[in-house]
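User: I would like to go through the terms used for this structure and see what each rests on. Please set the values against the definitions.

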Number of protein chains: 8
Amino acid sequence: MTTSELQKLLDSVKAGTLDPSAAAQLIITAMRAAPVEDLGFARVDTHRELRQGFPEVILGLGKTPAQIASIAARIVASGQALLVTRAQPEAYEAVREVVPPATYHVEARAITLPQGDIPRGRGTILIVCAGTSDLHIAEEAAVTAELMGNSIDRLYDVGVAGIHRLLSEQRRIQSAHVVIVVAGMEGALPSVVGGLVKVPVIAVPTSIGYGASFGGLAALLGMLNSCATGVSVVNIDNGFGAAAAASRINHT
Amino acid sequence: MTTSELQKLLDSVKAGTLDPSAAAQLIITAMRAAPVEDLGFARVDTHRELRQGFPEVILGLGKTPAQIASIAARIVASGQALLVTRAQPEAYEAVREVVPPATYHVEARAITLPQGDIPRGRGTILIVCAGTSDLHIAEEAAVTAELMGNSIDRLYDVGVAGIHRLLSEQRRIQSAHVVIVVAGMEGALPSVVGGLVKVPVIAVPTSIGYGASFGGLAALLGMLNSCATGVSVVNIDNGFGAAAAASRINHT
Amino acid sequence: MTTSELQKLLDSVKAGTLDPSAAAQLIITAMRAAPVEDLGFARVDTHRELRQGFPEVILGLGKTPAQIASIAARIVASGQALLVTRAQPEAYEAVREVVPPATYHVEARAITLPQGDIPRGRGTILIVCAGTSDLHIAEEAAVTAELMGNSIDRLYDVGVAGIHRLLSEQRRIQSAHVVIVVAGMEGALPSVVGGLVKVPVIAVPTSIGYGASFGGLAALLGMLNSCATGVSVVNIDNGFGAAAAASRINHT
Amino acid sequence: MTTSELQKLLDSVKAGTLDPSAAAQLIITAMRAAPVEDLGFARVDTHRELRQGFPEVILGLGKTPAQIASIAARIVASGQALLVTRAQPEAYEAVREVVPPATYHVEARAITLPQGDIPRGRGTILIVCAGTSDLHIAEEAAVTAELMGNSIDRLYDVGVAGIHRLLSEQRRIQSAHVVIVVAGMEGALPSVVGGLVKVPVIAVPTSIGYGASFGGLAALLGMLNSCATGVSVVNIDNGFGAAAAASRINHT
Amino acid sequence: MTTSELQKLLDSVKAGTLDPSAAAQLIITAMRAAPVEDLGFARVDTHRELRQGFPEVILGLGKTPAQIASIAARIVASGQALLVTRAQPEAYEAVREVVPPATYHVEARAITLPQGDIPRGRGTILIVCAGTSDLHIAEEAAVTAELMGNSIDRLYDVGVAGIHRLLSEQRRIQSAHVVIVVAGMEGALPSVVGGLVKVPVIAVPTSIGYGASFGGLAALLGMLNSCATGVSVVNIDNGFGAAAAASRINHT
Amino acid sequence: MTTSELQKLLDSVKAGTLDPSAAAQLIITAMRAAPVEDLGFARVDTHRELRQGFPEVILGLGKTPAQIASIAARIVASGQALLVTRAQPEAYEAVREVVPPATYHVEARAITLPQGDIPRGRGTILIVCAGTSDLHIAEEAAVTAELMGNSIDRLYDVGVAGIHRLLSEQRRIQSAHVVIVVAGMEGALPSVVGGLVKVPVIAVPTSIGYGASFGGLAALLGMLNSCATGVSVVNIDNGFGAAAAASRINHT
Amino acid sequence: MTTSELQKLLDSVKAGTLDPSAAAQLIITAMRAAPVEDLGFARVDTHRELRQGFPEVILGLGKTPAQIASIAARIVASGQALLVTRAQPEAYEAVREVVPPATYHVEARAITLPQGDIPRGRGTILIVCAGTSDLHIAEEAAVTAELMGNSIDRLYDVGVAGIHRLLSEQRRIQSAHVVIVVAGMEGALPSVVGGLVKVPVIAVPTSIGYGASFGGLAALLGMLNSCATGVSVVNIDNGFGAAAAASRINHT
Amino acid sequence: MTTSELQKLLDSVKAGTLDPSAAAQLIITAMRAAPVEDLGFARVDTHRELRQGFPEVILGLGKTPAQIASIAARIVASGQALLVTRAQPEAYEAVREVVPPATYHVEARAITLPQGDIPRGRGTILIVCAGTSDLHIAEEAAVTAELMGNSIDRLYDVGVAGIHRLLSEQRRIQSAHVVIVVAGMEGALPSVVGGLVKVPVIAVPTSIGYGASFGGLAALLGMLNSCATGVSVVNIDNGFGAAAAASRINHT
């Protein structure tokens, strides 16, 4: 119930066409209602675009292809953009049956379908990536950011052990509006990048590494303890989350 | 040996029909005996229903289908209800051979056979679940609670990032006698639910998540540190344990 | 705004004594209002007793004596029972200045003042404690449970290494309505107690121990992995939380 | 050496007033030079404001009062704004001797002196804080953000266990340009806030808690695993870092 | 109630001097009774010497001097040997008031009073210690083992980085009946010792070290993963536990 | 070189049949020599039985079937008993080709061949096991202990949640010379057993469990923090190590 | 741009054949340029040999065979030596298609092709290895060190539990210029070796072990806490890194 | 016993002036002897300089001032250089009483006295340090390296967030023979330095930081996972160990 609907209802009460008791009940009911569609195993939040600027996104992890397809169909039917992250090829097969025009991004492991009227962000989101092995996550960020209406630039394989690779690209780095830095192993890249730019840096630790990398823990701790200012961190391998945060920054 | 049996034995001693030495031996033996049936690899506790209100439950994890079937057959033969948790389909195949009427709950990964006279609980156990990916655990709790004689209500996919989905169901939440809250990732849902109700809340962290979720550790720690009162916690993915605790509450 | 207040307001609209626009504004305002008193550094929730059965409790940890005294004064002034946990003697000095009749429980490190009309719980809460060193936490639970309207029974120093100490008290154990088990070191006591009773067991790990106890982590993990059913767990050293959960069970 | 200085140098070479070898040496030297002042134990970066929008900040932790004062004097002498975080009162005593107009913020444990021409940010930074015990960190963020040229709004003690305290302030929440959410214990607040706004959310876990809070680890993991989008995280107790990141967002 | 007491009671029943009902009650009572003396805060187990070969030992950690003295007095009064571990000098002051002949071992931080008839062990317990900093723990083991009736031999400061120090003492090492090896840092000494002897080796990790020693965790893990056979491990800094285990071995 | 060989050599020097320089070289060489057979990838220690009472044991983990078979053949050829632990069926196939009489113990995952003259231990080693899922490890201990010359007794599936199962077998428990206790989940069983016996207890944590069991860490920490005396601990799932330690105790 | 190139450019400016503005632009461009070849997914650093003494090495982990082959082809084409570590057989298949003479080292899981003019190191690198199961890592170190121009010596299966195996090889140990020690389980070997030699020791923990080895963490912590001086440590299973560090030592 | 002493002894046997039995005994005794002086609580290894190039060093941590002074006196009396690390001022007071010329280095917390004939290393050891707060550890390394006969160069406060501070000192960096890099927080500096030089890099993580630095764990993990080659790592805060390793490199 919007403010104007409430005003109209109260006008009806004044006009005597609506009984005060009935009106009270209607208001209470509206306060309880929510734009949520119940599929039994999931409640699709079809008004999320209104509240948060982008429709509900489906995390493919831990859901069956059938569940993913069912939620995807409902989102697309409501005219909204579709994004499924961590989607296996089987999930894409299931989604394509009910949403034929959907695209599968192999490197990013994401299913997308642009729809609706996503506003454009103010500047460019630069995605910096330390090594070839971090590509999955960097591409998840890239696909997400693009679908959310942002221009993106990619700067890949510029780890700190060959610092000149990074320094030789300072122009591109400094023209970004937000920088996403994806790195595994020791996760040192965001500290160096954070010292080169004035804009916000979102750091994404990846699970790339072995031994004392402990599944990305080393990179995560490194980024949280960054001596550079302006760096904030998302979960290990969370390319989507970094892009969503960067997109919010780019749209505010 | 019950108190009445002891009384009878002592009467025999007084009547001279039983020698004191023999009686002493009988009492000592009875003190050592226990209603436990030894299968070699397992000791089936067929009197557990008397002591604890529900027969012994079989944890399928780490047992072979043959071992599970053998224990299941023994429990059913003693007239008690059967519950096997974490049961793979192969385990069900083996159990069905010796206990044909047993049912397999795919989502809950549980085998059940209601038997005996399970008393009904006092109220409803509400099972709240944060996301679609937590369904396995929520259903394990639901199947367990039902078999233990409780009415249950399900409220699924109401994670805190869309708090209105939860708030719009306050009536159902507040009519529960006990609430089980199942959540992975950050495990914040029990804190919010705990602030909305007067009744006990059992929190179940799940291993759903990735990266710094560390197999459910993040959710577990979140729930243990809940700022809401009245929340207690069970092991990660322990839907069964939550239901058993809730059922004890509902039957006391 | 209660339902009856809403009805009255709408009657005024119908009677024409209240303009619909003004009424709409009043309703919106009421929806936003909350029974919260803002002290600048804290928002005292003076209606919590209505919603959750017991007033807001002050966690003394990390608050200055002056802050504690200020919140305490506000709670007492609203006619509600006072409970401050983890209170240092200095905090008590500050509270006593503004709430002279408040009591300090040295062993439990708690400040209390019973007030208002706390309903009595249905049965007895038994507090079992493994060793002398766990007394602080057991007493925090005892003081909390008593203030919340519960009868309590104490069974202290009955650790599992001398199992006969526990078994010889089975009668008291089995007459409880809820059992709180407080244990440090390996935290094995709840598993044994859980196997002896039909009622809910709330386990409280304590930080008592050294070396690989890791500040209570060993006991916490032990309790979460309990092979007994019906056991749920609260945070390390959280005697208050266990009592609050037990009291909810005892009042439902 | 700026581009114009380089152009001038090369003009001299062409004009014959500068020998090519000498010029080569000058360029090489300039490439190696950096605007860094060496105090022996520290290299003060007096050009950081040019590169990053705010001068070098002194982390008080692990430095002696004399070291802090010495660096502070150098920064102030270069006409830049002064910020010392994690400053003990003794550090303030030492700083005041050399920088008399500096201010000490007791709650925030920070020393500040506004200087130079810090540009104003675009909107308001809202600082949300879960509990009274998190005030130190929230205030560190507030003092930092203000000194960096941002308007701030404070919303304190609105933890998720009393969700209505937060929901009743939705208007303030939704008018912010960036939101910093400070929370200890389970760290659930950023997930709820993240679901209510469209703007970026910076989450700050605090070390408030006990037992399985493990010095803020529980809150940190909770925030990293947030199911809300648009949330990024800084180090435990890093109010300064959150404010710096938020200020970058607010100035981009 | 011993077997002979039970026989006697049943003889009385047969003789008619004891009513069967009364006898039944007596037996039930005896089954519940246990040789435990309740001091309120502690249950002193005065029969432990009968069951386990050595009286109850007082862990000083987490107990007040008054509590320690009170339990100590009770143990000594029952004619048993006294051992208080982890005893601060203040605890000794309190104990000496009630048990004047007690001795304080400064290095071992233990209070002892030999009493009763402790049987002698079969051979010598050798206590090997890696470094000077591990002396506290080695001495706790030595004092404990001696009081429990064992001959002991000390071989201190023979860490593996100077392996010849150890190898030059092979004769003493090989004449021991049990070996206790105390080591901090990397905890490698038990592996080397385990490869030199045929007898059981009890390894005690100590919290000596810094950085990645993590309070003894490195040594503990090292010892648990020992590639030598015949090595078992006790808790970090648990010199007492090692001696108690060694004494059991030496007395069996 | 044995002492008698040395004596003989020196006699030759005196007799003039051996040059002092040559003798010096021989002694130096002997000091360097060791009864080790180099297979390239492994050095088989064929004199270990002399030094430690039992020949070298092959840990199957991380070795190829061919490597295992090659080492096994060499041990058997030297007339010693063969034990391969953690042996997959493929390893057994390879071993059987070169050592046809070897036996495979499926439950224990071990390959054995008794040979040589292993002395008998003094008493019985009792192997107590908490649950059916711990059988693999308990059997590894049993097979090892038997091969090492010990009489063994098995007491399986007597977890603490049904404490009467354990207490009813006290006679068997108390007649053991050493007790090995195998338990997963919370690992509480050794504490209870340790309180019932006078003899040494070796605790073996298993990786049985899920969630916060963390691969046996919970059981391991529980056992290290046992409040019972006389308990020492081996690595998670190390049934072999427990048996080897118990056998040393039983042979000393 | 080298110094001589810069001198030449400035001579042209002086000679008037190059405009100062154009020259300025050339210098700026050169400062930004770097000898990096961009393959889209990777930036091959073909000048690394000049800067660091050995060309870029390909970590096979997390790269597809096609990616590995593509980078390998580019390195070989530039006349440099090829080393791919952690290479699966499929990666070798792909590399062989584009670099036919490349060799696959099965035990070391490495692909190599010697090329160019690698200088010889000063002495021998000794690779010591605790057990047969550590061979993969020891061989990775051996293959790497050889390709980098070092003489190597192998001393395998000399774990500390049979210390004589190590001591009998002291001559070889003491003739090394650098020692690499590879060990899993408790990781004690570097401490013993470090005490026997004067030269630098590089310790490599391996993930060999089970239970509380926690994937090599126990060995890693043991090595970091080594009581021997002169020992430094690389990541778990990082045979390559140890060899690279040893080679730098051997070439300096 | 040296080789020449052995030769002489055997000559005596041949000459008949020494009985073969007596000679055998002498040789056995010599094999057992070691140049170790037993102080009761410590065994001073006065021949370590011969074996390892530098005398035994005293770790002050966990030793009393009296113990330190006693060991120091013995080392100095044998004509060797003295180094006490982690020495509190009280330890220095005690040492000065028995070794008056000893020096105390406040920043490094070390006591030194150069003595004997320490050979000079081949080149310069450069000590690079990320921040002012890491000075204690950097100075411990500097003092140690100097005493061990090395020329050193210091480059302090060049953390990666201001990468130009480091890059502007490339000449000094590249003229070093070994580089020690000391860094806390995210520990990224060794990766960048490792990419700039050809020589060995020893990384020292420090415990500087807060929150998720976890006492230096973040820096330690970062350094172990360094993407630069040629980097090896020592324990957290182990400036001494880094210098000892660097000195071995510099002397080999």
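User: Where is B:Phe214 found in chain B?

Analyst: B:Phe214 is in the loop between strand 10 (201-205) and helix 10 (217-224) of chain B. Helices (H or I, at least four residues) and strands (E, at least two) are DSSP runs, numbered from the N terminus. This is a predicted model, in which local features need pLDDT of at least 70 and side-chain atom pairs count only at pLDDT 80 or more, while totals for chains, interfaces and linings use all residues. Residues are numbered from 1 along each chain as its sequence is written, chains are lettered from A and ligands numbered from 1 in the order in which they are written, and side-chain values use heavy atoms, with hydrogens and water left out.

User: Why is B:Phe214 called partly exposed?

Analyst: Buried means under 20% relative accessible area, exposed means over 50%, and partly exposed lies in between (1.4 Å probe, protein chains only). B:Phe214 has a relative accessible area of 28%, so it is partly exposed. Its phi is positive, about 45°, although it is not a glycine.

User: What is phi of C:Asp157 near, and why does this residue count as buried?

Analyst: Phi of C:Asp157 is near 65°, a positive value in a residue other than glycine. C:Asp157 lies in the loop between strand 8 (151-156) and helix 7 (163-167) of chain C. With a relative accessible area of 8%, C:Asp157 is therefore buried.

User: Why does A:Asn150 count as buried, and which residues does A:Asn150 touch?

Analyst: A:Asn150 has 2% relative accessibility, so it counts as buried. A:Asn150 is in the loop between helix 6 (135-147) and strand 8 (151-156) of chain A. Contact means heavy atoms within 4.5 Å. Leaving out residues up to four places away in sequence, A:Asn150 touches residues including A:Arg120, A:Ile125 and A:His251.

User: What makes a polar contact, and with which side chain does that of A:Asn150 make one at 2.8 Å?

Analyst: A polar contact is a pair of N or O atoms within 3.5 Å; within protein, one must be able to donate a hydrogen and the other to accept it, and residues adjacent in sequence count only if both atoms are side-chain atoms. The side chain of A:Asn150 makes such a contact with the side chain of A:Asn250 (2.8 Å). Another joins the side chains of A:Asn150 and A:Ser247 (2.9 Å).

User: How do you know that chains C and B are related as by a two-fold rotation axis?

Analyst: Copies are superposed by least squares on the C-alpha atoms of residues with pLDDT of at least 70 in both. Chain C can be laid on chain B with an RMSD of 0.2 Å by a turn of 180° and a shift of 0.0 Å along the axis. The two copies are therefore related as by a two-fold rotation axis. In chain C, the C-alpha nearest the axis belongs to C:Val233, 2.5 Å from it.

User: How many salt bridges does the rule find across the interface of chain D and chain B?

Analyst: A salt bridge is a side-chain nitrogen of Lys or Arg within 4 Å of a carboxyl oxygen of Asp or Glu. Across this interface the rule finds zero salt bridges. It does find eight residue pairs in polar contact (both at pLDDT 80 or more).

User: What is the area buried between chain D and chain B?

Analyst: Buried area is the accessible area (1.4 Å probe) that two parts lose on being put together, summed over both. For chain D and chain B this is about 1,900 Å², of which carbon and sulfur atoms give 71%. D:Ala161, D:Glu186 and D:Asn225 lose the most area in chain D to chain B, together 31% of what that side buries.
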